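Please keep the sequence and the model at hand while reading the points below.

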Amino acid sequence: MNRKALGGIIIVTFLLFSEIILLRVFHVSPQNKISVSNIPEIPKVYRTTMLAFGDVNLGRWLGQRILKGEIDYPFARIQLKKEAADLVFVNLESPISDQKGETGDPKNNLVFTGPPQGIQTLKNAGINIVSTANNHALDYHEGALFETIDRLMKDSIKFIGSGKDKEKLYYPLIIEKNNIKFAIFAVTSFMNFTPKNWRNVVAYADTNKLLPKIKEIRQQVDVVIMSYHGGIEYAEKPAGAVKSFSRWCIDNGIDVFIGHHPHVSYGIEKVKNKIIIHSLGNFVFLQPHHYWAQRSYGVKLVFEKRDSAVTIGIEKILPLEVSFQTRILADKKELQKLFTRTQNLSNIDLSSVWEKRE
């Protein structure tokens with residue numbers, strides 16, 4: 001017998017002997033040997049983030065700056081893209097329409113519109129979802145609202161809360177990102193000057209119309225969000241009607257409630273592991289006559305999906321100094337005042353997610 005054959009016999013004998021020893025030590029029969037197919041698969045985790053902010057008004061004086069070519073002026077000092085959020089949501093408080101250079105009614109300061117270039121302002125900032133359901137949606141009448149819708153669609157900015165077809169007005173916006181499917185509703189509780197038939201083009205906070213749509217979509221998506229425009233301007237705490245509507249939403253299938261309109265921010269509540277933000281206040285909107293209209297925050301929400309279960313959390317709260325050029329609030333005393341106010345209006349501890357500036 002040659003050396004190669006002898007070596008092979010020795011190796012095979014050694015391997016067989018080793019396997020017998022291992023099976024005896026660990027009491028594993030040959031039929032129950034561990035294989036790759038027997039190892040349980042670790043469920044994959046999908047993750048989507050969403051930045052949510054309050055009211056954005058691109059009209060009045062700011063609209064004139066945009067008309068003069070300063071397209072990126074409103075968001076130049078905050079740089080939202082650095083947060084790398086998948087979804088960035090705001091309440092678009094002004095229409096976006098061509099009024100031949102006019103961005104505000106010369107006789108009525110409560111009537112305004114952003115110029116056509118305002119669409120590019122939003123897009124360049126990284127904003128990809130807006131609510132158009134608010135009390136200023138029809139400031140320049142139905143034609144300007146429809147122009148806003150057309151411009152948003154042309155530049156691929158998703159919108160919800162208004163439409164040209166009243167039969168589809170309460171259909172939610174459906175978005176799928178990172179294998180997580182979202183349905184977003186947007187409604188307002190009132191309209192300025194109460195124009196005739198306004199509820200045919202802007203979604204009203206009508207629970208009778210919302211309930212069947214929420215129930216219909218609830219089983220088809222992972223997360224359902226409600227954007228709500230209502231409340232009392234500059235009030236120290238959420239109005240009773242807002243609190244009632246937010247709880248109705250949570251009880252009927254909404255996972256995240258995002259409020260705006262009071263122009264001041266409130267707290268954050270968790271109810272049944274769901275999130276209620278009664279008001280995010282202003283985002284880009286100059287109202288220097290009221291202190292809290294110039295201090296607000298944005299929320300970075302995180303959605304994680306394992307198998308079919310989705311968890312919702314807060315990754316970060318971004319305190320804001322609001323103006324024509326909003327920026328992250330940096331002054332320590334001002335930060336503490338905003339934190340204290342927000343925490344006092346919340347039912348959860350916000351200290352771990354509140355962005356601090358050294």
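In this predicted model, a polar atom of the side chain of threonine 103 lies 2.7 Å from the backbone oxygen of arginine 60. The side chain of threonine 103 also makes a polar contact, at 2.9 Å, with the side chain of glutamine 64.

**Surroundings of threonine 103**

- Threonine 103 counts as buried because its relative accessibility is 3%, which is under the 20% cut-off for that class.
- Once neighbours within four places in sequence are left aside, threonine 103 is in contact with Gly59, Arg60, Gly63, Gln64 and Leu67, and also with Phe112, Thr113, Pro115 and Tyr140.

**Helix α2**

- As background, an α-helix has 3.6 residues a turn, so residues three or four places apart point the same way.
- Just after α2, glycine 69 adopts a positive phi of about 110°.

**Cavities**

- The model holds two cavities of 30 Å³ or more, and the largest cavity has about 50 Å³ of space.
- The largest cavity is lined by Leu92, Glu93, Ser94 and Pro95, together with Thr132, Asn134, His136, Ala137, Leu145 and Thr148; by class, this lining divides into four nonpolar residues, five polar residues and one charged residue.
- The second largest cavity has about 30 Å³ of space, and its lining consists of Ile160, Leu169, Tyr170, Tyr171, Phe185, Ala186, Val187, Ala203 and Leu210.
- Strand β6 (residues 180-188) gives the most to the lining of the second largest cavity, contributing three residues, and the lining as a whole has nine nonpolar residues, with no polar and no charged ones.

**Phenylalanine 190**

- Phenylalanine 190 is placed in the loop between β6 and α5 (207-218), and it counts as partly exposed because its relative accessibility is 26%, a value that lies between the 20% and 50% cut-offs.
- Not counting residues up to four places away in sequence, phenylalanine 190 touches Asn134, Asn135, Trp198 and His261.
- Although phenylalanine 190 and asparagine 134 are 56 residues apart along the chain, their C-alpha atoms are separated by 7.3 Å; asparagine 134 is also one of the residues that line the largest cavity.

**The chain as a whole**

- The protein chain has seven helices and 14 strands, and 52% of its 358 residues count as buried.
- Among the contacts in the protein chain with a separation of 6 or more, 71% are between residues 24 or more positions apart.

Conventions:
Residues are numbered from 1 along each chain as its sequence is written. This is a predicted model: local features need pLDDT of at least 70, side-chain atom pairs count only at pLDDT 80 or more; totals for chains, interfaces and linings use all residues. Side-chain values use heavy atoms; hydrogens and water are left out. Buried means under 20% relative accessible area, exposed over 50%, partly exposed in between (1.4 Å probe, protein chains only). A polar contact is a pair of N or O atoms within 3.5 Å; within protein, one must be able to donate a hydrogen and the other to accept it, and residues adjacent in sequence count only if both atoms are side-chain atoms. Contact means heavy atoms within 4.5 Å. Helices (H or I, at least four residues) and strands (E, at least two) are DSSP runs, numbered from the N terminus. On a 1 Å grid over the protein atoms alone, a cavity is a set of points where a 1.4 Å probe fits but cannot get out, and a pocket is an open set with protein on both sides within 12 Å along at least five of seven lines; lining residues have an atom within 4 Å of a point. Grid points are joined across faces, edges and corners, and a volume is the space filled by probe spheres set on the points. Ala, Val, Leu, Ile, Met, Phe, Trp, Tyr, Cys and Pro count as nonpolar, Asp, Glu, Lys and Arg as charged, and the others, Gly among them, as polar.
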